[in-house]
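Subject: Structure for you to look at

Hello,

Here is the structure I said I would pass on. Please open it next to this email and follow along.

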Amino acid sequence: MKSDIAIIGGGIIGCAAAYFLATKGADSVTVIEPDATYAKASTPAGAGGVRRLMSRPENIRMSQFSLDFFADFAETMATDDNPADIAFRRQGYLFLTNADGVDALTLNFETQAAEGVPAELLDVDALRARFPSIGTDNVAMACHSPEDGWIDPHAALMGFRKKAQNLGVEFLKDKVISLDVSPTAVTGAGLESGQRLEAECFINVAGAWVSEIAAMTGAKLPVVPMCRVQHFWHCAHDIEPLPLVKDDSGAFFRPEGDGFAGGRPSWEIEPGFNWDVDRGYFATYFEDTVWELLANMVPKFETIKLERTWAGHYAQNMLDGNMIIGRYSDGHENLLTACGFSGHGIMHAPAVGRALSELVLHGRYETIDLTQMEFDRVLRNEPYAEIGIK
Ligand SMILES: Cc1cc2nc3c(=O)[nH]c(=O)nc-3n(C[C@H](O)[C@H](O)[C@H](O)COP(=O)(O)OP(=O)(O)OC[C@H]3O[C@@H](n4cnc5c(N)ncnc54)[C@H](O)[C@@H]3O)c2cc1C
């Protein structure tokens with residue numbers, strides 16, 4: 001089999017890249033994805049938050065592009081068999097910080113303001129007046145970004161996938177198990193089915209599995225799977241409409257249907273895949289750790305009914321928690337990646353899909369300059385992390 005461009009991994013990043021490549025006239029694009037149900041992929045497990053409350057200008061700019069893109073998603077991405085309704089709710093983001101985080105929150109606010117983000121800093125009185133249900137015992141300052149929000153990540157993934165198919169992208173239900181290399185390039189992908197796909201260009205966007213693919217050309221990416229459990233709960237008390245709320249501990253929640261969804265990254269456990277939330281460390285994680293953090297944020301959460309817990313995985317960049325984009329495998333100029341998104345891959349998918357299409361078709365960034373986020377910083381050991389609440 002032959003294709004001009006082979007995309008390894010059909011999550012939201014792979015499908016967004018496929019969509020932009022097809023839109024810009026790439027002739028032959030193939031996405032290799034073993035599981036069309038996406039049972040273990042990160043995308044459907046994500047909270048779908050889309051925010052510009054970030055510290056690095058590149059991340060703010062990517063979120064800005066994505067917000068605009070998601071706002072028009074149904075219009076742009078609908079196909080005959082898919083209305084592409086991503087349930088975009090522009091209900092805002094609210095970051096809460098204690099005294100230790102005030103400087104970082106203020107610095108980030110200034111960067112965001114310079115990027116044109118309509119956010120505002122709230123002192124404790126203003127916070128109480130605006131959101132009476134938010135607990136203020138541990139809060140010294142808040143930042144509210146009323147026009148950010150969240151989407152249904154699975155719907156967005158399927159929107160990109162179906163539109164890409166509609167534009168002629170091939171989806172192979174298969175798994176890459178090896179990559180063939182010449183002295184200067186990757187020439188083909190060996191597939192679990194026994195077939196081989198040759199291509200001019202390969203894009204490794206296998207999410208939490210990206211380092212397994214990298215190892216196939218002898219490359220090393222500092223990206224590991226990190227288990228992230230999420231919870232859904234009901235609260236019988238009346239609570240005003242809230243934005244997505246996040247604090248310094250990393251705990252967050254947002255309204256979801258008639259309840260709330262959220263959790264807290266478990267930075268303290270070893271990286272690796274973990275699907276069993278009923279045993280071991282995660283069996284009592286909500287009761288032991290998450291619940292108290294949530295009740296700090298909203299005291300009415302002291303009485304809630306936990307309905308469901310599920311596992312997903314961050315693809316965590318151990319250098320700095322930020323994305324790595326572009327070439328990464330020594331001597332293999334035609335092999336690109338976009339990986340290591342931690343909790344930002346959904347909000348950045350449209351911008352990253354577009355950036356990958358620019359790199360493939362033009363050899364450079366034509367819109368947002370993402371040079372700072374390339375693999376070179378890993379080689380130089382120069383972290384480019386988010387500052388403050390991540
Ligand atoms: C609990 C949780 C909450 C999150 N909340 C948010 C949020 O609010 N906002 C946000 O922006 N992000 C959030 N994220 C992060 C976001 O979900 C991810 O960054 C994003 O989904 C990454 O997309 P992806 O396409 O890189 O990976 P995935 O969706 O995991 O897709 C990778 C695909 O590669 C495929 N693959 C693996 N191995 C191979 C192989 N050998 N050959 C071919 N294909 C292969 C897999 O089957 C998979 O479908 C959250 C994540 C989690 C876990």
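Below is what was found, going from the whole chain to single residues.

Please keep in mind that this is a predicted model.

Overall build

The protein chain contains 11 helices and 18 strands. Its C-alpha atoms fill a box of roughly 60 × 45 × 45 Å along the principal axes. The radius of gyration is 21 Å, which agrees with the value near 21 Å for a compact globule of 390 residues. Of those 390 residues, 49% are buried. Among contacts with a separation of 6 or more, 75% join residues 24 or more positions apart.

Domains

The chain is divided into domain 1 (2-74 + 152-222 + 319-379), domain 2 (93-146) and domain 3 (224-317).

The ligand

Which residues come nearest to the ligand? They are G9, G11, G207, G312 and G345, out of 40 residues around the ligand. By type, the shell holds 20 nonpolar, 16 polar and 4 charged residues. At least two shell residues each are supplied by α1 (12-23), α2 (42-45), β12 (223-234), β16 (305-317) and α10 (345-362). Strand β16 gives the largest share, 4 residues. In terms of domains, domain 1 and domain 3 each provide at least three residues of the shell.

The core

The largest nonpolar core has 120 residues, and I7, I8 and A18 touch the most other members. Helix α1 gives the most to this core, with 10 residues. To see how I7 sits there, leave out residues up to four places away in sequence: I7 then touches G14, A17, A18, V29, T30, V31, I32, I203 and V205.

Most residues other than glycine have a negative phi. A84 is not a glycine, yet its phi is positive, at about 55°. A84 lies in the loop between α4 (73-77) and β4. S342 also has a positive phi, near 45°, and is a residue other than glycine. S342 is found in the loop between β18 (335-339) and α10.

Are these two residues buried or partly exposed? A84 has 18 C-beta neighbours inside 10 Å, so A84 counts as partly exposed. S342 has 20 other C-beta atoms within 10 Å and is therefore buried. The cut-off for buried is 20 or more.

Apart from neighbours within four places in sequence, L242 is in contact with F131, S133 and P255. L242 and R51 are 191 residues apart along the chain, and their C-alpha atoms are separated by 15 Å.

Regards

Note on methods. Residues numbered from 1 in each chain as written. Predicted model: local features only at pLDDT ≥ 70, side-chain atom pairs only at ≥ 80, totals over all residues. Near = placed C-beta within 6 Å. Nonpolar A, V, L, I, M, F, W, Y, C, P; charged D, E, K, R; others polar. Domains from an automatic or database assignment. Core = buried A, V, L, I, M, F, W, Y, C linked by C-beta atoms within 7 Å. Buried ≥ 20, exposed ≤ 12 C-beta atoms within 10 Å, placed from the backbone. Contact = placed C-beta atoms within 7 Å. Rg over C-alpha atoms; globule rule 2.2 N^0.38 Å.
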